[in-house]
Amino acid sequence: MIPKVIFVLSLYRSAYAFCPPNVMGSNIQRLKLGTPSTPLCYRRTRPRIGMSDGTRLVPSLNNSLVEVGCDNAKKDFLVYEHMLGVISNHAASSGKLGSITLVGAGPGDPDLLTLGALKAIHAADLVIADRLVSKEILALIKSELKIAQKYPGCAHDAQNEIYRWCAEGLVEGKKIVRLKIGDPFVFGRGGEEVLELRKFGVEAKVIPGISSALAGPLAAGIPVTHRGVANRVVFCTGMGKEESIPDIPAYHPEQTCVFLMAVGRLKALTDDLTKGGYPSTTPVGIIERATTPHERTIRGTIEDIVILASEEKIRPPSVIVVGEAVNVLSKQEKHHQTIIPFRRSAMSLESLSKACEPSGEGSES
């Protein structure tokens with residue numbers, strides 16, 4: 001019995017000398033992109049030879065290799081060196097990183113892109129787009145395109161994959177456009193992405209876009225403010241950080257509430273509105289795929305909008321408007337579905353696109 005105890009103690013002392021006390025009993029750390037970390041319990045500093053699917057080994061200034069990128073957001077991102085905290089430490093031999101611009105794609109109609117947004121898209125080497133960016137806008141992209149597959153329940157993993165794509169493109173010296181639906185800073189995680197990119201040693205440029213919170217109601221003929229009807233407007237998200245549920249704004253008879261990313265929990269939203277003191281007869285409008293050829297608008301009340309949305313199979317991206325302003329311009333009968341196409345500008349998108357294409361004249365040598 002005593003020899004067995006001595007043998008066990010010897011093994012424990014060997015393990016203690018090999019691993020620091022703060023990691024005894026813990027698993028190998030799974031590194032988060034942009035978070036400096038010291039590798040745990042390894043004998044050699046060189047990275048592993050085998051690579052995960054969809055990744056590549058990128059050379060660093062200290063002649064080491066780092067595994068960057070992952071096509072599957074469900075896969076863990078593992079490296080053997082603490083090199084992802086400061087991206088300049090594993091840049092290419094030239095030492096020149098790429099650039100990144102957060103661009104607002106607007107609500108969906110290409111005619112509502114800003115000139116700055118269109119120029120940035122045409123100048124990009126890589127565009128990383130949100131899943132809900134319209135097909136009409138994606139058709140304007142001529143460079144490499146990657147689309148983030150953010151679905152309910154896996155948005156966190158998909159967001160991490162976006163950061164990996166950004167890191168890979170920056171290391172390769174690419175001009176990256178991070179294309180976000182609506183406006184990057186209006187319920188678009190734009191601020192969070194700016195902070196994360198700073199961990200890479202990069203300051204992102206931001207080009208604003210027209211938010212669907214304003215363009216959606218307008219396209220459906222709903223003025224969010226109207227004298228004598230609505231003297232205030234509140235913009236809300238239907239889903240908070242880590243899928244938390246935000247509080248409902250207090251009821252006011254002359255208030256318009258605009259909800260984004262809430263159509264997936266419409267039943268819960270109407271229940272919360274009722275509990276919050278909103279009359280069951282309060283008008284509600286839902287605008288699906290605002291400003292695109294597939295736009296649809298339905299009107300009802302807090303009491304029956306869930307049934308109407310279910311019958312019409314309303315899906316994201318949709319904007320929900322709550323308040324008396326919903327019907328202020330509507331001449332339709334109650335519950336009647338209306339389809340109001342967005343009017344395109346007189347200037348064709350093709351001519352505008354050609355005018356914004358970068359030319360070879362005046363380029364840097």
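**Confidence and assignments**

Analyst: This is a predicted model. The mean pLDDT of the protein is 75, and 62% of its residues reach 70 or more. Over residues 11-54 the pLDDT is below 50, and this stretch has 65 contacts in the model beyond near neighbours in sequence.

User: How many aromatic pairs does a search of the whole structure find?

Analyst: The search finds one aromatic pair. Its members are tyrosine 251 and tyrosine 278.

User: Why is the pair of tyrosine 251 and tyrosine 278 called edge-to-face?

Analyst: The ring centres are 5.0 Å apart and the planes make an angle of 70°.

User: Why is tyrosine 278 called buried, and tyrosine 251 partly exposed?

Analyst: Tyrosine 278 has a relative accessible area of 5%, and buried means under 20%, so the term applies. Tyrosine 251 has a value of 34%, which falls between 20% and 50% and is therefore partly exposed.

User: How do you know that the buried residues of α8 line one face of the helix?

Analyst: In α8 (residues 305-312), Ile305, Leu308 and Ala309 are buried. Seen down the helix axis, the buried residues fall within an arc of 95°, so they line one face. On the other side of α8, Ile307, Ser310 and Glu311 are exposed. The cover over the buried residues includes α7 (266-275), β10 (283-288) and β11 (296-301). Just after α8, lysine 313 takes a positive phi of about 55°.

User: Why is aspartate 183 said to have no salt bridge?

Analyst: Aspartate 183 is located in the loop between β6 (175-180) and α5 (190-198). Its nearest side chain of opposite charge, lysine 180, is 9.8 Å away. A salt bridge requires a distance within 4 Å, so aspartate 183 has none, although this residue is buried.

User: Which residues does aspartate 183 touch, not counting those up to four places away in sequence?

Analyst: Aspartate 183 touches Gly188, Pro208, Gly209, Ile210 and Ser211.

Technical notes: Residues numbered from 1 in each chain as written. Predicted model: local features only at pLDDT ≥ 70, side-chain atom pairs only at ≥ 80, totals over all residues. Heavy atoms only, no water. Buried < 20%, exposed > 50% of the residue type's maximum accessible area, 1.4 Å probe, protein only. Helix = DSSP H or I, 4+ residues; strand = E, 2+ residues; numbered from the N terminus. Arc of directions from axis to C-beta. Contact = heavy atoms within 4.5 Å. Lys, Arg positive; Asp, Glu negative; His and termini not counted. pLDDT = per-residue confidence, 0-100. Phe/Tyr/Trp six-rings, centres within 6.5 Å; stacked < 30°, edge-to-face > 60°.
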